[in-house]
Amino acid sequence: MSATDVIPPLIKVLSLLATGYAVHRSLSPPNPPPSPKTCIDNRTLFERAIRHVTFCSKMMTWAVVLADAFVTLYLAFPSPATHSLTPFASQLLPSSASPASSSSSSQPSAPSDLASALTSPSLIFLLGAALAIAGGWLRIACFRALGSLFTFELTIHPTHKLITEGPYGHVRHPSYTGVYATLLGSTTVMLAPSAWLHEAWLAPSLCALVRTVNPFVFAAASATASGTDAALDAEPSFNSVSRVGAVLAWFFAVFWVTKVVYALRSTNKRVVTEDRELHRVFGAQWDEWAARVQWRLLPWVY
């Protein structure tokens, strides 16, 4: 196996693990919950369940990135030593691509096109990983800058002081910038081309469903794209794609995207609330800081 065959899957696996770690650190509270008396706004569902939401996001991320890393390594480095892992790997791939579906060798493998897609990270996948890692780094920098003042709940302590240095010297709410980067980056890593969910479940099941519902349109599109009807025969039928696996994959994708949109929308509302409360408590000191640091989340954008 040449270096060109080894490096891409290793880069993908490292990107997956780094994304999982970045999400974990970004969404792990650096301090215990504050007293309810110090909370500014605890009326919304998001504010009451903030720690449950972040815990759910971490567990969902780890589940997907570890499954993706396992499948990637399994397909990239086949050997008799990993034959015992075949039953587990077959549960993570569609029946048409399952390693267990072939018995021609001691180490069956998925179809070459799927294996190639899963072991070669796409550019958008790598950009998503970089964004998630940058977001995690920014969140950690904010944890350190605020120290014991940083809580996941909106609070104003009696001894609270306005932090205007470090990340807070560039934008007023850098920790929320980190949240945006972490969640959008991890979403890209889990759902982009070359990601396990996308390549093994979402794209094949959608393709199979379209072919089943309207085979004539599907045939015309395949023939137009390839110039031959051979492409149609290569596409999966709905029966060849595990219905349970496809349903679970789509449920995860829809639930995750809905949760991320809800979390980012709620975070954006928090920005306004925090500015209002900090201005109320610190007055002229906040005015001076806001005049110097005009951007809330991203310089020259917002």
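1. Fold pattern. Read along the sequence, the protein chain runs α-α-α-α-α-α-α-α-α-α-α-α. That gives 12 helices and 0 strands. Helices (H or I, at least four residues) and strands (E, at least two) are DSSP runs, numbered from the N terminus. This is a predicted model: local features need pLDDT of at least 70, side-chain atom pairs count only at pLDDT 80 or more, and totals for chains, interfaces and linings use all residues. Residues are numbered from 1 along each chain as its sequence is written, and side-chain values use heavy atoms, with hydrogens and water left out.

2. Burial and surface. The protein chain has 302 residues, and 48% of them are buried. Buried means under 20% relative accessible area, exposed means over 50%, and partly exposed lies in between (1.4 Å probe, protein chains only). The accessible surface of the chain comes to about 15300 Å². Carbon and sulfur atoms hold 67% of that surface. These areas come from the Shrake-Rupley method with a 1.4 Å probe; for residues, only the protein chains shown count as cover.

3. Contacts along the chain. Take the contacts with a separation of 6 or more. Of these, 78% join residues 24 or more positions apart. Contact means heavy atoms within 4.5 Å.

4. Isoleucine 11. This residue lies in helix α1 (residues 3–26). Isoleucine 11 is partly exposed, at 38% relative accessible area. Leaving out residues up to four places away in sequence, isoleucine 11 touches Pro121 and Leu126. Serine 120 is 109 residues from isoleucine 11 in sequence, yet their C-alpha atoms are 8.6 Å apart.

5. Lysine 58. Is this lysine buried or exposed? Lysine 58 counts as buried because its relative accessibility is 9%. Helix α3 (residues 50–76) holds lysine 58. Beyond its neighbours within four places in sequence, lysine 58 is in contact with Val23, His24, Leu27 and Ser28.

6. Serine 175 sits in helix α7. Serine 175 is buried, with a relative accessible area of 6%. Setting aside residues up to four places away in sequence, serine 175 touches Arg139, Cys142, Phe150 and Tyr168. Serine 194 is in the loop between α7 (174–191) and α8 (196–213). Serine 194 is also buried, at 2% relative accessible area. Its phi is positive, about 85 degrees, although serine 194 is not a glycine. Most residues other than glycine have a negative phi.

7. Helix α12. Which residues of α12 are buried? They are Trp286, Trp289 and Ala290. Seen down the axis of α12, these buried residues fall within an arc of 100 degrees, so they line one face of the helix. The arc is that of the directions from the helix axis to the C-beta atoms. An α-helix has 3.6 residues a turn, so residues three or four places apart point the same way. On the other side of α12, Ala284 and Ala291 are exposed. The cover over the buried residues of α12 includes α11 (243–282).

8. After α12. Leucine 298 lies in the segment after α12 (284–292). Leucine 298 is partly exposed, with a relative accessible area of 41%. Tryptophan 300 lies in the segment after α12 as well. Tryptophan 300 counts as exposed, at 73% relative accessibility. Tryptophan 300 has a positive phi of about 65 degrees although it is not a glycine.

9. A nonpolar patch. Val272, Leu298, Trp300, Val301 and Tyr302 make a nonpolar surface patch of about 550 Å². Patches are made of residues with over 30% relative accessible area and no salt bridge; like charges are joined within 9 Å, and nonpolar side chains (Val, Leu, Ile, Met, Phe, Trp, Tyr) within 5 Å. A salt bridge is a side-chain nitrogen of Lys or Arg within 4 Å of a carboxyl oxygen of Asp or Glu.

10. Annotated regions. An unreviewed UniProt entry lists residues 59–77, 114–138, 178–196 and 244–264 as "transmembrane region". UniProt positions are given in the numbering used here, feature names are shortened, and annotations may be inferred rather than shown by experiment. In the model, residues 114–138 are 88% helix and 0% strand, with end C-alpha atoms 35 Å apart. Residues 244–264 are 100% helix and 0% strand, and their end C-alpha atoms lie 30 Å apart.
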